[in-house]
Each structure stands twice: as structure tokens, then as C-alpha cells.
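Trainee: Could you walk me through reading this model, one feature at a time?
Mentor: Gladly; have a look at it first.

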Amino acid sequence: PSPVDPHAFPDEQAAESALRPGSLAEFRGQPRVADQLGLVLDASKHRGTVPDHVLLSGPPGLGKTTLAMIIASEMGAPIRISSGPAIQHAGDLAAILSGLVEGEVFFLDEIHRMSRPAEELLYLAMEDFRVDVIVGKGPGATAIPLEIPPFTLVGATTRAGLLPGPLRDRFGFTAQLDFYETPAIEHILVRSAGVLGIQLRPEAAAEIARRSRGTPRIANRLLRRVRDYAQVKADGRVTEPIARAALELYEVDELGLDRLDRGVLEAVCKRFGGGPVGLSTLAISVGEEAETVEEVAEPFLVRQGFLMRTQRGRVATEAGWRHLGLTPPTSGAP
Ligand code: ADP
């Protein structure tokens with residue numbers, strides 16, 4: 001997998017959990033979200049009630065899972081973790097909900113991918129702390145209401161707009177996580193290096209931060225790869241030249257574009273004359289799944305101002321042409 005793919009790799013869990021900040025005070029880079037959430041938690045502590053349900057939205061790797069864990073630890077509550085796609089049937093959800101203890105935080109990742117019946121069950125649980133257990137089948141089936149202890153649902157989604165309105169409305173607090181500024185990523189890198197016992201020079205931290213796409217997960221991952229390089233090729237200390245050489249080896253360029261990103265941009269420019277070209281054609285021409293191109297490469301290219309998604313297809317911008325060292329066609333490119 002690409003080092004700049006913001007999604008979590010299956011074998012990455014242990015490495016990530018070691019680097020998660022444990023409190024709101026340590027959660028850097030999203031000051032507004034941290035302040036607002038801190039207030040929600042303090043108020044509920046003050047009242048002795050469970051905090052309102054929380055909806056976190058934003059691209060992968062920005063700290064949604066981390067925040068859910070922080071909410072639990074700030075409240076001194078246990079946490080239960082699941083995800084929309086893992087809940088096939090409403091019964092699966094009913095089983096989880098009825099097993100919660102009072103005050104527990106229930107983190108539901110990719111909440112927009114839950115099945116409809118599960119979603120409806122969740123409405124009731126969020127609002128009334130109750131689930132209806134259906135007993136029997138057909139006309140003789142009856143719903144037996146079952147009380148569940150008050151809990152806090154923390155839902156995560158890549159885009160809040162993907163959620164049906166009625167579900168969105170049941171959250172008392174909604175926060176949109178944004179890409180991090182480079183200095184915040186630097187700060188996170190310095191902290192991670194401390195946790196991992198890596199000697200990281202400030203210029204090297206700045207270099208890695210610039211190439212991390214504003215995403216803590218990618219920053220931490222690049223730090224681990226750069227450490228590998230420093231240990232094998234040098235004395236283990238991460239200096240700026242070491243960081244540069246390692247990132248070059250992993251094909252991450254000065255702006256954080258990797259091979260896939262450049263491949264996509266190059267295909268649009270060189271093979272399709274700058275576009276417009278449709279997603280599936282583009283994906284085939286770079287030998288990738290359309291989903292990967294759309295979810296991993298494109299958002300970053302669009303954010304960098306290198307690519308536009310138009311109704312007729314993908315179009316390279318003038319900046320996109322120039323980033324590849326190519327001259328944009330005089331008439332066409334916007
Ligand atoms: P998401 O759930 O949004 O995909 P995660 O919460 O799993 O993202 O975060 C991915 C990685 O980035 C974790 O290892 C976490 O420690 C790190 N991380 C995320 N946000 C922060 C932050 N504000 N400060 C420090 N590390 C962070």
C-alpha cells in the first residue's frame with residue numbers, strides 16, 4: 001500500500017494505538033473542536049449525566065477514533081468500538097446496545113454505511129435509550145421494548161452529508177475535522193518521536209510534515225518509514241538529509257504526492273490531453289480500482305488545485321501541468 005494512503009492498514013493498529021494522545025489537552029491541531037468538545041464533556045460532568053451523542057466527520061486519518069477514545073477516557077467510561085459495515089442486521093446492533101454499561105461510549109465508525117433497519121433501531125436507542133426486540137415472525141411477531149442504559153454514541157463518517165437527516169439531527173454535538181496545518185503536524189511528529197524514542201531533528205520534522213498531506217496518520221507512518229531508513233542506512237538519527245532521502249525512496253514528493261497521485265495526474269495530462277476524462281477510464285489507465293483513485297488520490301489532487309472534478313470528467317489545472325514540469329496547452333487548461 002502507498003505510504004500516503006490516509007486509510008488505516010490492517011497491520012497498523014498496534015503502531016497507531018501507541019501514538020494516540022490520551023487527553024483533550026494533548027490532542028493538538030484542531031483547537032476549535034477540542035474547545036467545543038471540552039465544554040460538552042465538562043458540562044455533562046458537572047450535571048452528572050452522560051454526554052450528548054457526538055458526530056465526527058472528516059477524511060480518514062484525522063483523529064476521529066482518537067477523539068472517541070479521548071471522550072471515554074475523559075469521562076472515565078469504557079468504550080465499545082464497531083463500524084457501520086460490520087453491522088449487517090438490526091439484531092447485531094440490538095445485541096451490542098443491550099450489552100452496554102451505563103455511561104459507556106459506543107464508537108460507530110463509517111456510520112453512513114449501516115443498513116436501514118439498523119439505522120432505525122439506532123434512532124430509538126439514541127433518543128429513548130430503548131430498543132425494540134422483535135419476537136416471532138409474520139403477523140404474530142411482537143415488539144418487546146427493552147431498556148438500555150444511557151450511553152454516548154460517537155459516530156464517525158467521512159462526510160456528514162452522507163447521513164440521512166433524521167440520524168444527523170439526533171446528535172447533540174457535531175464536529176467537522178479538517179486537514180491539519182503543517183506546524184500542528186510538526187508538533188505531532190515531535191511528540192510521536194518522543195514516544196517512539198526517535199531522535200528527530202526539527203528540520204527533519206518540518207520536512208516530513210510538509211509531505212504528510214495535513215494528516216496525522218500519514219505523518220506518523222512516514223516517521224516510522226524514515227526511522228527504518230535512518231537505522232539501516234545511518235546511525236538512527238533522523239536528520240533533514242536522511243528524511244529527504246528516505247521520502248525519495250518511498251516516492252513521496254515535496255508536496256506529499258506519491259506514485260499513484262502523480263500517475264493519475266500524468267495520465268490526465270499526457271494520455272487524455274488534460275481531460276475531461278471519466279473516472280473509470282482514468283482508473284483503468286493507471287491500473288487501479290476506481291474507488292482508490294477517487295478516495296485516495298483525487299481528494300488530495302483537488303485540494304492542491306491540480307485537478308478538477310467536473311460533470312464531464314476529470315480535468316487537469318494549469319498548476320497540475322506545471323507540477324509535472326509540463327507546459328499546459330495554451331487554449332484549454334483553466
Ligand atoms: P480516523 O479515525 O479519523 O481515521 P485516527 O483517530 O485513527 O483517525 O488517527 C490516526 C492516527 O493519527 C492515530 O495514530 C493517532 O494517534 C494520530 N492522530 C490523529 N489525530 C491526532 C492529534 N490531534 N494529535 C496527535 N496524533 C493524532
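Mentor: Let us begin with the record: UniProt positions are given here in the numbering used for this model, feature names are shortened, and annotations may be inferred rather than shown by experiment. With that in mind, the UniProt annotation "binding site", from an unreviewed entry, covers Thr65. Residues are numbered from 1 along each chain as its sequence is written. This is a predicted model, in which local features need a pLDDT of at least 70 and side-chain atom pairs count only at pLDDT 80 or more, while totals for chains, interfaces and linings use all residues.

Trainee: What pLDDT does the protein chain average?
Mentor: pLDDT is the predictor's confidence in each residue, from 0 to 100. Where pLDDT is low, the predicted coordinates should not be read in detail. Here the protein chain averages 93, and 99% of the residues score at least 70. For the complex, the predictor gives an ipTM of 0.99 and a pTM of 0.91.

Trainee: How many helices and strands are there in the protein chain?
Mentor: Helices (H or I, at least four residues) and strands (E, at least two) are DSSP runs, numbered from the N terminus. The protein chain has 14 helices and nine strands. Its C-alpha trace spans about 70 × 50 × 30 Å along the principal axes.

Trainee: Back to threonine 65: is it buried or exposed?
Mentor: A residue is buried if 20 or more other C-beta atoms lie within 10 Å of its own, exposed if 12 or fewer, and partly exposed in between, with C-beta atoms placed from the backbone. Threonine 65 is buried because 22 other C-beta atoms lie within 10 Å. Its place is in helix H3. Of the 334 residues of the protein chain, 37% count as buried.

Trainee: Which residues is threonine 65 in contact with, leaving aside its neighbours within four places in sequence?
Mentor: Two residues are in contact if their C-beta atoms, placed from the backbone, lie within 7 Å. With those neighbours left aside, threonine 65 is in contact with Phe107 and Asp109.

Trainee: Which residues come nearest to the ligand?
Mentor: A residue is near a molecule if its C-beta atom, placed from the backbone, lies within 6 Å of it. There are 18 residues around the ligand, and Gly63, Lys64, Thr65, Thr66 and Pro216 come nearest. Helix H1 (13–19), H3 and helix H9 (216–233) are the elements that give two or more residues to this shell. To sort such a shell, Ala, Val, Leu, Ile, Met, Phe, Trp, Tyr, Cys and Pro count as nonpolar, Asp, Glu, Lys and Arg as charged, and the others, Gly among them, as polar. The shell around the ligand divides into seven nonpolar, six polar and five charged residues.

Trainee: Which residues touch the most other members of the largest nonpolar core?
Mentor: A nonpolar core is a set of buried Ala, Val, Leu, Ile, Met, Phe, Trp, Tyr and Cys residues joined through C-beta atoms within 7 Å. The largest one here has 38 residues, and Ala68, Ile71, Phe106 and Val154 touch the most other members. Among the elements that each supply at least two residues are helix H2 (31–47), strand E1 (54–57) and strand E6 (152–157). H3 gives the most to this core, with six residues. Apart from it lies another core of 25 residues, including Ile185 and Val226.

Trainee: Where else does UniProt place the feature "binding site"?
Mentor: The unreviewed entry places it at Arg309 and Arg314. Arginine 309 is found in strand E8 (residues 307–310), and arginine 314 lies in strand E9 (residues 313–316). Arginine 309 is partly exposed, because 16 other C-beta atoms lie within 10 Å. Arginine 314, with 26 C-beta neighbours inside 10 Å, therefore counts as buried. Leaving aside neighbours within four places in sequence, arginine 314 is in contact with Gly275 and Pro276, among others.

Trainee: What is the peptide bond from glycine 275 to proline 276 like, cis or trans?
Mentor: That bond is cis, with omega near 5 degrees. Proline 276 sits in the loop between helix H11 (259–271) and helix H12 (279–286).
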